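Notebook open, model loaded. I want to go through the sheets first, then the helices, then the overall fold.

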Amino acid sequence: MSFKVATSGCSLTGADSPFFDDIHKNHDPFLFINAGDFHYEDIMSTNIEDRVAAFDRVMGSASLGRLYSSQAMSYIWDDHDWIGNNQDGSDLEAGEAAKLGYQLLFPHYELAALSNTTAAQNKSSQPVNVAPYQAFTIGTVRFIILDLRSESKNSNETFEGSIYSTQQEEWLRAELDNSNNYDFVVMVSSRPWTGPASRGDDKWSGFANDRRNLSKWIASTVGAGKQNLLVVSSDNHMVAYDDG
């Protein structure tokens, strides 16, 4: 099975550009991945209607709305569409509204966090307060969508920080451990991977211990196997490629 995937992040709320129509008309991707900052509304309220309004403003853009509506789409937030600039998961009330809003507004695959929570017993279709990390397969390609906001705790001078929960880390490691089952594995990270370690940084570089541990796990699984992992990152406001 051959298919195209397009990806980007960090589009201003309701942005309208001929580039969006070009992607839709001339490249026709099977899947579009928005890797964070679907909008820049910095919604810190607990009112889900505020999130619905922000969604409507984005989809109200003629060109962007056409792009997002024209093919399958996968989405995970970064900071501005989570709660606010460089925000972590410490605001529990606003965070719950964000999680519920995500599940109401965005089609998504089964959320991996549900399998290990009492919410898994919930047989209704109502949204639940869990982090929306998930994974899915198209053909022989595995897509891993990380949530690096809702469970994170920012680092500072006295605290090394944590970019995700132990539960999400264990889930990710299990996914990477199965990388040999696929021709290709795409890991979507809303935060940039590269950069020297620096506490307080909003990138992976601000969570040096987590990055170091994940790097070792990648080396022992994907690196010792097919070496078939591609990491797609957002939030850097540029286009670049790093072959490691």
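**Sheets, then helices**

I started with β4 and strand β5 (residues 141-145), which pair in the antiparallel sense over five bridges. For the record, strands (E, at least two residues) and helices (H or I, at least four) are DSSP runs numbered from the N terminus, and two strands pair if DSSP finds at least two bridges between them. Within this pair I found Ala135 opposite Ile144 of β5.

Before going on, I noted that this is a predicted model, where local features need pLDDT of at least 70, side-chain atom pairs count only at pLDDT 80 or more, and totals for chains, interfaces and linings use all residues. Residues are numbered from 1 along each chain as its sequence is written, and side-chain values use heavy atoms, with hydrogens and water left out.

Next I looked up the sheet around that pair. It is open, has four strands in the order β4-β5-β6-β7, and its pairing is mixed. At the edges I see β4 (134-138) and β7 (229-233), each pairing on one side only. Neighbouring strands here are turned by 20° against each other on average, direction ignored. My axes are lines fitted to C-alpha atoms, for helices over the stretch in contact, and angles run from 0 to 180 degrees between N-to-C directions.

What lies across this sheet? Helix α5 (residues 166-177) lies across β4, β5, β6 (184-189) and β7, and runs at about 165° to β5.

Then the other open sheet: three strands, order β1-β2-β3, parallel pairing. β1 (5-8) and β3 (72-75) each have a single partner strand, so one side of each is left without a neighbour in the sheet. I also checked β1 against β2 (residues 31-34), and they pair in the parallel sense over four bridges. There, Thr7 stands opposite Ile33 of β2.

For helix packing I took α1 (residues 18-27) and α3 (residues 62-69), whose axes come within 8 Å and cross at roughly 30°. The contact (heavy atoms within 4.5 Å) uses Phe20, Asp21, Ile23 and His24 of α1 and Ser63, Leu64, Arg66 and Leu67 of α3.

Last, the whole chain: I count six helices and seven strands, in the order β-α-β-α-α-β-α-β-β-α-β-α-β from the N terminus on. The C-alpha trace spans about 45 × 45 × 40 Å along its principal axes.
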